[in-house]
Amino acid sequence: LSSTEIPREEVMIIKYLLKNSERDIYQSQISKELNIDPRVVSKILIRLEEKGAIKREPVIYESRKTLLIKPVKEALIELMEKAGIDPYTPKEVFERIKDIPCITCPYIYKCYEGGYYDPTTCQWLSEYLSQRR
Ligand code: SF4
């Protein structure tokens, strides 16, 4: 492997973390759901933690000790991009952008900075962005 290549299991785990970043993710779940040896999952998560791409917190889940994984999305995406891998499938990209008001805006072809329709002052866009904070 060259320095920017990522092992297949690591790619699977990063994609899983990105996809599920809005809910609680437990280390024990990852090996079950992705069918990867728990020791491999543990090694990969330690590496991701060292790179600042996740944070881990000890918790009890289903009466067992495990770790709660907190993904750092920007860092995970950067790791994938460095390895030349698209972090999202086209369907996931569409899901992420479909609510942006510009996608369905009738003024998109007349909208530019300094124009009558201006993205820097647009209320629809500001409202959309403020809801996502
Ligand atoms: S910035 Fe506002 S006006 Fe411009 S395309 Fe997007 S939604 Fe339409």
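A residue counts as exposed when its relative accessible area is over 50%. Ser63, at 73% relative accessibility, is therefore exposed. The structure discussed here is a predicted model.

**Loop between strand 2 and strand 3**
- Glu62 is located in the loop that joins strand 2 (54-61) and strand 3 (64-71).
- Ser63 lies in the loop between strand 2 and strand 3.
- The phi angle of Glu62 is positive, near 50°, although the residue is not a glycine.
- Ser63, likewise a residue other than glycine, has a positive phi of about 60°.
- Glu62 has a relative accessible area of 55% and is therefore exposed.

**Nonpolar surface patch**
- Val93, Phe94, Ile97 and Ile103 make up a nonpolar patch on the surface, and their accessible area together is about 330 Å².
- With three residues, helix 5 (residues 90-97) contributes the most to this patch.
- Ile97 belongs to helix 5.
- The relative accessibility of Ile97 is 33%, so this residue counts as partly exposed.

**Surroundings of Asp118**
- Asp118 is found in the loop between helix 6 (101-104) and helix 7 (123-131).
- Asp118 counts as buried because its relative accessibility is 11%.
- The Asp118 side chain reaches the backbone nitrogen of Gly114 at 2.9 Å.
- Leaving aside residues up to four places away in sequence, Asp118 touches Cys111, Tyr112 and Glu113.

Note on methods:
Residues are numbered from 1 along each chain as its sequence is written. This is a predicted model: local features need pLDDT of at least 70, side-chain atom pairs count only at pLDDT 80 or more; totals for chains, interfaces and linings use all residues. Side-chain values use heavy atoms; hydrogens and water are left out. Helices (H or I, at least four residues) and strands (E, at least two) are DSSP runs, numbered from the N terminus. Buried means under 20% relative accessible area, exposed over 50%, partly exposed in between (1.4 Å probe, protein chains only). A polar contact is a pair of N or O atoms within 3.5 Å; within protein, one must be able to donate a hydrogen and the other to accept it, and residues adjacent in sequence count only if both atoms are side-chain atoms. Contact means heavy atoms within 4.5 Å. Patches are made of residues with over 30% relative accessible area and no salt bridge: like charges are joined within 9 Å, nonpolar side chains (Val, Leu, Ile, Met, Phe, Trp, Tyr) within 5 Å. Accessible areas come from the Shrake-Rupley method with a 1.4 Å probe; for residues, only the protein chains shown count as cover. A salt bridge is a side-chain nitrogen of Lys or Arg within 4 Å of a carboxyl oxygen of Asp or Glu.
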